Amino acid sequence: DSWKKVGAKWYYQPPHFLEAEEILTSIESQATKRLLIELEVPEHIDAGHYKVELEITDIDSGAILREVNFDINVSDIRLNKELRNDYDLFIYTKLALDPKVGRQNSFINGQNNFGDQKYQEALFLNNVNDIADKGFNGAFIMDWRPSYVKKALNIFRDSGLSEVIIYGKPVVTKGQKVLTKKLVNTIKNKGFEPIFYGYDEPGGNKKLKQQLALNEEIFNLGASSINAIFWDDLSGSKAAIKKAAQNFDYLTISMGSHGAKKFFKQLPLVSDGPTKYLAYWHPHVENPIRNRLYIGFWLWSSGLHGVSPHAYYILPHIARYTKEGEGSERGPLSPYNDFSMWDNPYGVFRQHATVYPHSKGVISTLQWEAIKEGVTDLILIRQLEKLSKNDGNFLRKKRVEKLLSEIRRSALKVKSSALSNIETQQFLVLFDEWRFRIKQLIIEYH
């Protein structure tokens, strides 16, 4: 991969990616190599047990060196995927159709790929389809000019996403007004709720006063506001509100810092008032189990309205990097290089990449695929919950209540966004057990 600068704007040129059913590779003796294999199960396949065999052959002789068997169980249950919409399942992205989005020396500069408009639209479509496939129903995007937002919303609707969040203030050219009646009406006319993200983590970043003024501006335009926030700043931020128009419509709470442990202790959250509460964590951390937990059984147990993990992928902050010096000891600036800087040359954060970009889309990861598993857990447990609500079979209803209580109690034992090795292994076992028992009970209802 590489970077290209056109005027004051940086563009990313991702590597090419070979997509083929057969691949030729070499693994040295005593060495290891990780390969990602995706198996697609047809939606209308008959229920039953299926075996898939993967043959690993010697390049020269053609002899079979190893057979890897995959066992796939297909249950006789149809998921009610609409139940995911009981929650706000958002994902942070820096995706944009507009090639000019972002400003010089901002970390947003360099989030677009190098190529013509047709190429940008094809990538945007692939990314949005990927996000919808994992079970999300909304995403943050960088576009704000009405003509580009209109195109983006057409893609969102066709992909099955029902919510869009626009970065409303700090990420565009200084002095440029994003919040306009024209933009709000454009979003509403496409059948979406206009939601705008303001100053990041108000209270913690000393911009609470500006954010409350922005909330009022958003309210007066007939739109909604959303912000990330630290638990330690929540009570002070709410106390600073002087009138209803300054209320936060959505607040997504950090699960990793500034009072996160206190937040976990408050769960399940009992909220009152107009604000919807979500939570966010870093899904790129190499522990798929936590992603599955937090968007699945934990979310259902938490009392929250949804989640907004950060992020899909955010390219390195190249404008800051070139401004402050390359720091060659950290290697090439790339989302594929965890040792290179992400936010600044002296920062400790690794690349925020839950997926990895290539010329036609993204390379998935175990972390990303686990999110789809978690959304499936969420749908299954809601499906069971709804079926049992008016169940006249007293004994079966008691069995359902016992299982739901057990899941809620175990899921809320976690006190941090980080899972220990022991917790990871425990949830790995529990997930299989819970899903099996849920499916058996759902089958009984049918």
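# Chatting through a predicted model

Author: Let's start with Lys-415: leaving out residues up to four places away in sequence, Lys-415 touches Lys-261 and Phe-264. Bear in mind that this is a predicted model.

Reader: OK, and where does Lys-415 lie?

Author: Lys-415 is in the loop between α11 (394-411) and α12 (421-445).

Reader: Is Lys-415 buried, exposed or partly exposed?

Author: Partly exposed, because its relative accessible area is 44%, and that class runs between 20% and 50%.

Reader: What's the C-alpha separation between Lys-415 and Lys-265?

Author: Their C-alpha atoms are 7.0 Å apart, although 150 residues separate Lys-415 and Lys-265 along the chain.

Reader: Switching topic. Which strands make up the closed barrel?

Author: The barrel has eight strands, in the order β5-β6-β7-β8-β9-β10-β11-β12, and the pairing is parallel.

Reader: Pick one pair for me. How many bridges join β9 to β10?

Author: Four bridges, between β9 (residues 224-229) and β10 (residues 250-254), and the two strands run parallel.

Reader: Which strands does helix α5 lie across?

Author: Helix α5 (residues 231-239) lies across β9, β10 and β11 (276-280), at about 140 degrees to β9. Helix α2 (residues 146-159) lies across β6 (138-141) and β7 (163-167), and its angle to β7 is about 150 degrees.

Reader: Back to the strands. Thr-93: where's its place, and is it buried or exposed?

Author: Thr-93 sits in strand β5 (residues 88-95). Thr-93 counts as buried because its relative accessible area is 1%, and the cut-off for buried is under 20%.

Reader: What does the side chain of Thr-93 reach?

Author: It reaches the backbone oxygen of Phe-140, at 2.4 Å. Setting aside residues up to four places away in sequence, Thr-93 touches Ile-131, Ala-139, Phe-140, Ile-141, Tyr-167 and Tyr-312.

Reader: Next, the core. Which residues have the most contacts inside the largest nonpolar core?

Author: Phe-263 and Trp-298, in a core of 120 residues. Leaving aside neighbours within four places in sequence, Phe-263 is in contact with Trp-231, Ile-253, Ser-254, Met-255, Ala-279, Trp-298 and Leu-304.

Reader: How many of the residues of α7 are buried?

Author: Seven of the eight residues of α7 (residues 288-295) are buried, so that helix is mostly covered. Among them are Arg-290, Asn-291 and Arg-292. At the start of α7, a side-chain oxygen of Asn-287 comes to within 3.0 Å of the backbone nitrogen of Ile-289.

Reader: What is phi near in Glu-201?

Author: Near 50 degrees, a positive value in a residue other than glycine. Most residues other than glycine have a negative phi. Lys-206 isn't a glycine either, and its phi is positive at about 65 degrees.

Reader: Where do Glu-201 and Lys-206 lie, and are they buried or exposed?

Author: Glu-201 is in the loop between β8 (194-197) and α4 (208-220), and Lys-206 lies in the loop between β8 and α4 as well. Glu-201 counts as buried at 19% relative accessibility, whereas Lys-206 is exposed at 73% relative accessible area.

Reader: Last one: in what sense do β3 and β4 pair?

Author: Antiparallel, over 10 bridges, with β3 at residues 48-57 and β4 at residues 64-74. Gly-48 has Val-74 in β4 as its bridge partner. The two strands form a hairpin with six residues between them, and Gly-62 in the turn has a positive phi of about 80 degrees.

Notes. Residues numbered from 1 in each chain as written. Predicted model: local features only at pLDDT ≥ 70, side-chain atom pairs only at ≥ 80, totals over all residues. Heavy atoms only, no water. Core = buried A, V, L, I, M, F, W, Y, C linked by side-chain atoms within 4.5 Å. Buried < 20%, exposed > 50% of the residue type's maximum accessible area, 1.4 Å probe, protein only. Contact = heavy atoms within 4.5 Å. Polar contact = N/O pair within 3.5 Å; in protein donor to acceptor, adjacent residues only side chain to side chain. Pairing = 2+ DSSP bridges. Axes fitted to C-alpha atoms, helices over the stretch in contact; angles between N-to-C directions.
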